[in-house]
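Student: I have a model open and would like to go through some side-chain contacts. Can we start once it is on screen?

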Amino acid sequence: MPARPDDLFARLAELGIATATHRHPPVFTVEEAKRLRGDIPGLHCKNLLLVDHRGRLWLVVAREDTPLDLKALRGRLDCGRLSFAKPERLREALGVGPGEVTPFALINDAGRAVGVALERAMMEAAGPLNFHPLTNAATTSIAPDGLLAFIRAGGHEPLIVDL
């Protein structure tokens, strides 16, 4: 059974990572999020689950307005052709559905099958980063260092890349 938001919040508390969560109507795209999330401080991010030609999964996390060139990204990740993972693969790997992709979903990747790539400019941000907490009806703010601590505590070592 995939983790729920309460499980995530308990894990963050166990790790001593400070967060703040804001409720809002469910959002499925960056454009919807911009309209419906309200005035949540910090950097808002997008999260993509990609699959390479060998079937390896990559969670790519970047500022919401960063354009992503999948051909250039393959070189940075040292992998082959990338495409978007299908919804059923997303549920299987991270326990979330479309519109709910988040680095917090790595809590469900106990086998560490998903590689993680974080945008360098996002990680160098001074303020909090904002992600869905396993539901697209809320946004959770976390410091970049807190995000790294959460990801590493789950056994993942993210790549920090220029996009």
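Student: Which residues does A93 touch, not counting residues up to four places away in sequence?
Tutor: This is a predicted model. In it, A93 touches L57, N108, D109 and V114.

Student: Where is A93 found?
Tutor: A93 is in helix 4, which covers residues 87-94.

Student: Buried or exposed?
Tutor: A93 has a relative accessible area of 12%. Buried means under 20%, so A93 is buried.

Student: Switching to rings. How many aromatic pairs does the structure hold?
Tutor: The structure holds two aromatic pairs. One of them is F104 with F131, edge-to-face, at 6.0 Å centre to centre and 85° between the planes.

Student: Which parts does that pair tie together?
Tutor: F104 lies in the loop between helix 4 and strand 5, and F131 lies in strand 6, so the pair ties together parts that are 27 residues apart in sequence. F104 counts as buried at 0% relative accessibility, and F131 is buried at 2%.

Student: And what about F104 and F150?
Tutor: F104 and F150 also form an edge-to-face pair, with 5.6 Å centre to centre and 75° between the planes. F150 is in helix 6 (residues 144-153), 46 residues from F104. At 5% relative accessibility, F150 counts as buried.

Student: Which residues do the ring pairs link into a cluster?
Tutor: F104, F131 and F150.

Student: Last one: what lies over the face of W58?
Tutor: R56 does, at 4.6 Å from the ring centre.

Conventions: Residues numbered from 1 in each chain as written. Predicted model: local features only at pLDDT ≥ 70, side-chain atom pairs only at ≥ 80, totals over all residues. Heavy atoms only, no water. Helix = DSSP H or I, 4+ residues; strand = E, 2+ residues; numbered from the N terminus. Buried < 20%, exposed > 50% of the residue type's maximum accessible area, 1.4 Å probe, protein only. Contact = heavy atoms within 4.5 Å. Phe/Tyr/Trp six-rings, centres within 6.5 Å; stacked < 30°, edge-to-face > 60°. Lys NZ or Arg CZ within 6 Å of the ring centre and 35° of its normal.
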